Amino acid sequence: MKAILWVLPLLVSITSFSQVVDKVRLEYYEEKLSSPQYGMSVSHDGKLGAFLFESGKLNIFNLQHSRQIKSIDLEFNEIGEIRFSNDDSQIIVIERSRIRVLDWNTGETKLDEKSNEEIICGDISIDNKLAVGSVDNINIWDLSTSKLLRTIPIKQNIATVFFSPAGKQMLINPRVNMLGSKTFIYNYETGELVRTLNKGFLGTYNPAGDKIFVHRFRKVKIKRSSAIIPVLYELSLSDDNDSHVIYSDLEKSSDVGTIMSSLQVDEKLVGTAGYRGFTVYDVPNGGKVFTTKKTKRERSASAMGLYKNYNAKAIYKLDDDKVLINAYGDNINQIYSASQNEIVGYLFADSDGDFATITRDGRFDGSAQASEKLYWSARNSSRKTSVASTFSRGFTPNLLASLLNSKTAIEEFDIDTEIASIPEIKIKSFNQDKVSGQNAELTTSQKAGNLNVEIATDISQVSQVRVFQNNKLVAIAENPKQTELSFDVSLSNSFGEPNYFYVTATGKAGIDSEKQTMTVNYTGKTDAKPKLYLVTVGINEYRNPKYNLNYALADADAFESTLAQGATGVFEHVKRITLRNSQFTKTGLLNALKSVQDESNEQDMLIFYYAGHGVMSQAGQTDFYIVPHDVTQLYGRDDMLTEKALSATELKEISRKINAQKQVFILDACQSAAALDAVTRRGVAEERAIAQLARSTGTFWITATGSEQFATEFESLGHGVFTYALIEGLQGKADGGNPDNKITVRELNAYIESRVPELAEEYKGTPQFPSGYSFGNDFPLVIYD
């Protein structure tokens, strides 16, 4: 059994004066959260995470790729816990009066059993048996057949049950009765009582199953008075005299909590304490070695909706060194490393599919929306900074996989020092009308506008000031030399009368200031109906034939025709600009995009689709490039890339200059077999460059493949899996939830992220994970029949 529940409803001190204390404070904005997290579980191989929310969403995430791969809607009343089955194919949902077993791949319910007795606890054996404890009985279910095998009458007011990780035994613990507690060991195949342990409240087995951790209460003399204190033992099952004291609470700290669950990792015993953090004990040497500090979000289990605060399992192994803990009963889960004896990172999950991995040094991987929901709070002031503000320097694709493979100590993110260096900026006026404070609102009929901005901190520490209109970058000032800046903007009703502006400054340390926001309602002349500029690039044949592809042309042609057909219901006119094979040169593409820049207005849309090679430069200031026909060497010739390929930096400036406020960039950028080794080394850098480009421009980017993968082509489909899924989505399959015969850019992205891994696994045997970076407003792309 790889992850063992230990539930102990007893008072135990959770502070000490000698152990390491965690001080990092990662929080989330309550008003931005879609739904509180009610339960969490990790698969036995550490690759999947299941998160249950108050809204009824049960979301399954691929932890290493930070991707949601399944979402199931459940109705429930009072949740105790959720667990993966031992073979990881099922999710067990335990409620007060009901148990359910779900095949999470299909959503099929394998078992749905209501109970007349209150369900108190549950556990899963290594041979996939489910034990469900009510007050007086234990029911044993076979998860492979969904059949009840037997009922074992205990009649002892049951609190917890644990299967042995070796053999056919289980531990059953009555509710604590201080000095008079007992624990029972049963054979779960025969139902026979094997052993009774007196005067101890039993925790759990060690990983080998030959010892158990026991809490006993001892009466001791402290300063001439008697006291009952908890003592944590390690006890051998083969020799009653072989016991070892791990911890004794002689300090009688007033900061106490209820131990909920624990797990041994290497020589450390990690225990959560009643949603008040967690504590780590040194098993062979004794004593506490780590404890957390309280957070602003500390809450009781009853406030979460848990019907018994000692019922929720909140700690699971990710690998042999690291565990995932839900220590505070909220949406932030801690990653603790036994070898480093510290929290090395956090996992955040929300019911809408937002998910993030964050490390103590400020690195981040996950959805753009998740970064906006999270913030670091200072310890020495009330100031805070969103994780999104550190996106440019901290975004790190595949962060969890990197974290699990690393034994290197992670330096703590000194939020107080970092916050002190963040620039401060404010909007002073719009068209000479004074702007007062955040979220100011003005109304004008003038289309042309002027935004006046003031830098309120040391200007030498500001590297960049950016202005966004309706979430799209419209103006930028690099290394400003004066504290007051003026930006010309053009108002539009492409999203209705309100024009939403925000301004942000980036400090030399790479952290953005707090957004300064305002809304200008434009009541002037209604804009002309929107036009779509559809630029598609596809290249099968490169001048160097070893880079040739099979289906890039077919992909580009099919995407263009499908999109154009559906777009006629949304746009007054669709202007197609196509570049194929040798037509795709840097000059040819720049000329095509320049024509869009010259012709487009704010209400229009640009969709740019590219099927071909993508590559990172190697030396100096690295950049991502899309590769034209006449580039003959992908790696080792940065000079050729600079001269003949188009970089992300150039695309950023082109995007800013194009008036169209709705912009979507879709890259089916793959690698040939000849370049595959280089891809695995540089994939993270490519993904990071594209994400930063999307955020810095406020545009949508959907890419075919994440780091350490390559976009996959299949003869049986006639397309790459990415474009095949794109076409499916545009033809109507992306219209999920509340179908309205429209496909929006966010709906398309959500469909791509779920469908591409399925197709790649079906045809190739391994999933391919696309990446979507959406920092702009949502809007419709097509109307389908």
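Me: Why is K575 called partly exposed?
Reply: The model is predicted, and in it K575 has a relative accessible area of 26%. Buried needs under 20%, exposed over 50%. K575 at 26% falls in between, so it is partly exposed.

Me: What makes the contact of E599 and K575 a salt bridge?
Reply: The cut-off is 4 Å between a side-chain nitrogen of Lys or Arg and a carboxyl oxygen of Asp or Glu. The side chains of E599 and K575 meet at 2.8 Å, N to O. That is within 4 Å, so the pair counts.

Me: Which parts of the chain does this pair link?
Reply: Distant ones: E599 lies in helix α7, K575 in strand β46 (residues 573–580). They are 24 residues apart. E599 has a relative accessible area of 36%, so it is partly exposed.

Me: How do you know that D598 is exposed?
Reply: Its relative accessible area is 52%. Exposed means over 50%, so D598 passes.

Me: What makes D598 and K594 a salt bridge, and where do they lie?
Reply: Their side chains meet at 2.8 Å, N to O. The limit is 4 Å, so this is a salt bridge. Both lie in helix α7, four residues apart, about one turn of the helix. K594 is partly exposed, at 40%.

Me: How do you know that the span of α7 is close to what is expected?
Reply: Helix α7 covers residues 586–599, which is 14 residues. From first C-alpha to last it reaches 20 Å. At 1.5 Å a residue, 20 Å is expected.

Me: Why say that the buried residues of α7 line one face?
Reply: The buried residues are K586, L589, A592, L593 and V596. Seen down the axis of α7, they fall within an arc of 135°, so they line one face of the helix. On the other side, T587 and D598 are exposed.

Me: What makes R363 and D361 a salt bridge, and how accessible are they?
Reply: The side chains of R363 and D361 meet at 3.1 Å, N to O. That is within the 4 Å limit, so the name holds. R363 has a relative accessible area of 24% and D361 has 28%. Both values lie between 20% and 50%, so both residues are partly exposed.

Me: How many salt bridges does this rule give, and which residues form a network?
Reply: The count comes to 35. D127, K129, K168 and E189 are linked in a network of salt bridges.

Key:
Residues numbered from 1 in each chain as written. Predicted model: local features only at pLDDT ≥ 70, side-chain atom pairs only at ≥ 80, totals over all residues. Heavy atoms only, no water. Helix = DSSP H or I, 4+ residues; strand = E, 2+ residues; numbered from the N terminus. Expected span 1.5 Å × (residues − 1). Buried < 20%, exposed > 50% of the residue type's maximum accessible area, 1.4 Å probe, protein only. Arc of directions from axis to C-beta.
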